[in-house]
Amino acid sequence: MRRAIQLLLTVVIAFAVIIGFRWYRYVTNVESPYDEVGIELNSRMPGPINAWGCATLHATFAGALPPYGCQDSADAGKWR
């Protein structure tokens, strides 16, 4: 039983590290703010993490339209 819990915990931690790295790579990229997987990951992040991600993307791509998850609720063409 202990081995199964240890294996499950290892899988969960590995999954979290992979998802976190993928999200961080998207937020700090310099190519495009419109990566589908990155947009989905960022839009599902908790509030402060999503806000930091959107601020980082906005600093890099100030002239671009905001991706889903970083749009202002009143005007989809503006960053929040």
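A salt bridge is a side-chain nitrogen of Lys or Arg within 4 Å of a carboxyl oxygen of Asp or Glu. The structure holds two salt bridges, and a search of the whole structure finds one disulfide, meaning a pair of cysteine sulfur atoms within 2.5 Å. The model is predicted: local features need pLDDT of at least 70, side-chain atom pairs count only at pLDDT 80 or more, and totals for chains, interfaces and linings use all residues. Residues are numbered from 1 along each chain as its sequence is written, and side-chain values use heavy atoms, with hydrogens and water left out.

**Helix packing**
- Helices are DSSP runs (H or I, at least four residues), numbered from the N terminus.
- Helix α1 (residues 2–27) packs with helix α3 (residues 47–60) at an angle of about 30°, their axes being 9 Å apart.
- Axes are lines fitted to C-alpha atoms over the stretch in contact, and angles run from 0 to 180 degrees between N-to-C directions.
- On the α1 side, Trp23, Tyr24, Tyr26 and Val27 meet Ile49, Trp52, Gly53, Thr56 and Leu57 of α3, where contact means heavy atoms within 4.5 Å.

**Covalent and charged links**
- Cys54 is joined to Cys70 by a disulfide, with an S to S distance of 2.1 Å.
- Because Cys54 lies in helix α3 and Cys70 in the segment after α3, the pair ties together parts that are 16 residues apart in sequence.
- The torsion about the S-S bond of Cys54 and Cys70 is about -85°, so the disulfide is left-handed.
- One of the salt bridges pairs the side chains of Asp35 and Arg22 (2.6 Å, N to O).
- Asp35 lies in the loop between α1 and α2 (36–43) and Arg22 in helix α1, so this pair ties together parts that are 13 residues apart in sequence.

Conventions: Helices (H or I, at least four residues) and strands (E, at least two) are DSSP runs, numbered from the N terminus.
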